Amino acid sequence: MKNTPGWQKIEQWLAAKELKPFAFQEEAWEHYLHGRSGLVNAPTGFGKTFSLFLAVLIRWVNEGSPPTSGLQMLWVTPLRALAKDIGRAMEEALHELRIPWKVGIRSGDTATSEREQQKRRMPEILIITPESIHILLAQKEYAKRFEGLHTVVIDEWHELLGSKRGVLVELGLCRLRSLRPQLQTWGISATIGNLDEALDVLMGTATASKAIVRAEVNKAIEVHCILPDEIEKYPWAGHLGIRLLHKVLPVIRNSRTTLLFTNTRGQSEIWYQQILKAYPDMAGVMALHHGSIDAELRIWVEEALHTGALKLVVCTSSLDLGVDFRPVDTVIQVGSPKGVARFLQRAGRSGHQPDAVSHIWFLPTHSLELVEAAALKDAMKANLIESRMPVVLAYDVLLQYLMTLAVSDGFNAEETWAEVRSTFCFQSLEPEEWQWILAFMTTGGEALNSYDEFRKLHLVGDRYYCTSRQLAMRHRLHIGTIVSDAMLKVRYMTGGFIGLIEEYFISRLSPGDSFSLSGNNLEFVMIKDMTVLVRKSKSKKSIVPSWNGGRMPLSANLGMMLRRKFHEAMNGIAQEEEITILRPLFDLQQLLSHIPQENELLMEHIETKDGYHLFVYPFEGRLVHEVMAALLAWRISRQHSISFSIAMNDYGFELLSDQPIPVDDTNAQELLSPENLAADLQSSVNATEMARRKFRDIAVIAGLIFQGYPGKHKANRHLQSSASLLFNVFHDYDPQNLLLRQAFNEAFFYQMEEARLRDTLERIAGQKIVITFPQRLTPFCFPIKVDSLREQLTSEKLEDRIKKMIVW
DNA sequence: GACCTGCTGCGGTTTG
């Protein structure tokens, strides 16, 4: 293959740019030229993206005169912003190589005129989002557009894999493969624990020959830890880390450009304010970047990063992707990154040239988090990178997809069944389930058959169509799997946009209150036309918005590494500075209680004026702890009449009662046994309530709830109540409803992390349970105690309060 | 001995 003209042309071009292809790139080219599909994996900065683009060009030059008759390659990216960067780079390469191909972008940003142009004539390369693929599939005679297509590349496949957006990709691919049986599919993925599975999901049950190309290159990453001077004075609890601010500035000063990652938007607001206050001279060269900041401002920040005009950007995971090609040389992570993969990904944002070393600084927000720093380092060495679990049997996405087909050219049930079954997601879909789905979409099912708007499909000949123009239009507006909370725009009285804020947060403010957004101190004036009007605030004190985000638990890999680190600390094996500096804390923990070894589970009984506490430390992340706490409480209360309140964090959980908690050596093992888990979970956890919450998104994705036209506001409460109503109706009148079943499955899988819980209980069954009776609060229990106190002190939502006061 | 938790991502056609 190496002596083909295309290959040589590309090599010459790379040489002229003083670039040499990596071995893995050449391997990818070989596979591609042999007509295979597959997955490419390499660290950031090694040209994964370009290797495939070049492979396509090689093939094409080899084939002689270029087919300039429409779409050849579809390039799927999860981010609109990424599409622009990649498009620019491709155009440049095509220009230099004198290849007369056009590159187009199809996303929500694409102008109407451009869309029409694309309709008349597709560009040879189209960069597209998963959602936009489905929008194309929702158009009449869509098949024509894909007539010449021979390659689909899914960029950042690891990002899409674990979500319903990944299912959109799977479904889109199964349709395209039917249209173009020779289609070559390539994924590009960062390193994850289940690369083989990632390939399987991408390929579905297609029999095409496939390969994984892994780069045998190691990216050098240096992890530095920002250590407090006196560990005795560093807080045992907390999440902010602002006390170490003075140690951060030298790091920033000594770098050209720094990204400072925080875990929440609120936290980034605080850090931004505090840095500005302590070092006003940073004013012109620092910026804030997170999901609630106005899109235009964010684009400006990204551009300024590009040109190197900014010295510091304080951000959340909004900058996790898409800062390649940018001169970032230092990354600071404030607080736990919760997982190894995320930490590596952020580290990779710096020094992305192949030979450059990536520098990442870890800043602990409380003392015990230092152990996490040591655990992260070891996990990186051992390559313990988390897996992304593919979504299976997402009926809601399937319903949406069928509607997509129905509004364009209709679908034949048998053909589509075969295609859908060829995806990884729906490979185990049962014929009865398929029949149920068709019936549900045609009649509205058992519960909704008297409502016209739920009778969406009509069988005409042997094809299902949606004949209602109104429903079709609604559907095209609702393609996608991301369901957001209601956001309001924030604007100065005098005009000028600041950002977005959740309706929920604003609803709790009164006119005159001050809050902080986009680094500004703002005074709330009023809400008008769904816009929050504000003026600059003179008040020194302001409320930092809290958003209703997800709660990411500590990953299983990191939890495992943490337990090992405690074991090493206990036995004096650990030599890292992060651990040795914690000596006084460990000594105190050991004196008051115990440091658990790797084969031990620690429980602490502590009596305070609040009552009787039982602390348990499995280190399995807060979701598992929440369910474990409920399970343990329920099992205890089955034998004794006793009531509890519950608190938890990523390291452990607490049961609190007004009477002594009857857990000791004789029954502890049994109370945490994996036996009867399923049945006991049913009784101890309010699964119906959890499922109800999951159902909201499912109902929106499946198209049962209309969210309103873009730009027009429909209050979130409507959404919430109509979803709840549908949930009740299905629950009472249509218990076989697949969407209802999906809601329960999602609650068990994602909310309770049932599989991980079972693993944990099985692990504990083989461990020794150490029970201690400390005379006062220990360093281990302190963070949990503080968190539970905070919840009592803040304006708790009634729902949460009730949840906590559940009496068994 | 004490704290300001909770991320990100997408999205309009058809026909008059």
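This briefing covers a helix packing, some aromatic pairs and a set of paired strands.

The model is predicted: local features need pLDDT of at least 70, side-chain atom pairs count only at pLDDT 80 or more, and totals for chains, interfaces and linings use all residues. Residues are numbered from 1 along each chain as its sequence is written, and side-chain values use heavy atoms, with hydrogens and water left out. Helices (H or I, at least four residues) and strands (E, at least two) are DSSP runs, numbered from the N terminus.

**Helix packing**

- Helix α15 (residues 395-407) packs with helix α29 (residues 738-751) at an angle of about 140°, and their axes are 9 Å apart.
- That makes α15 oblique to α29. Angles under 35 degrees count as roughly parallel, over 145 as roughly antiparallel, 65 to 115 as roughly perpendicular and the rest as oblique.
- Axes are lines fitted to C-alpha atoms, for helices over the stretch in contact, and angles run from 0 to 180 degrees between N-to-C directions.
- From α15, Tyr395, Asp396 and Leu399 meet Leu738, Leu739, Arg741 and Gln742 of α29. Contact means heavy atoms within 4.5 Å.

**Aromatic pairs**

- The structure holds 21 aromatic pairs. Rings of Phe, Tyr and Trp (its six-membered ring) pair if their centres lie within 6.5 Å; planes under 30 degrees apart count as stacked, over 60 as edge-to-face and the rest as tilted.
- Phe619 and Phe780 pair edge-to-face, at 6.3 Å centre to centre and 90° between the planes.
- Phe619 lies in the loop between β23 (611-616) and α24 (622-639), and Phe780 in the loop between β26 (768-772) and α31 (782-793), so the pair ties together parts 161 residues apart in sequence.
- Phe619 counts as buried at 2% relative accessibility, and Phe780 counts as buried at 4%. Buried means under 20% relative accessible area, exposed over 50%, partly exposed in between (1.4 Å probe, protein chains only).
- Phe695 and Phe727 also pair edge-to-face, at 5.5 Å centre to centre and 65° between the planes.
- Phe695 lies in helix α27 (residues 687-701) and Phe727 in helix α28 (residues 716-733), so this pair ties together parts 32 residues apart in sequence.
- Both Phe695 and Phe727 are buried.
- One aromatic cluster is formed by Trp436, Phe440, Phe695, Phe727, Phe730 and Phe744.

**Strands around β23**

- β23 is mostly covered, with five of its six residues buried.
- Strand β22 (residues 600-608) pairs with β23 in the antiparallel sense over six bridges. Two strands pair if DSSP finds at least two bridges between them.
- A hairpin joins β22 to β23 through two residues. Ile606 stands opposite His613 in β23.
- β23 and strand β25 (residues 653-657) run antiparallel, joined by five bridges. Leu614 stands opposite Leu655 in β25.

How values were computed: Chains lettered and ligands numbered in written order.
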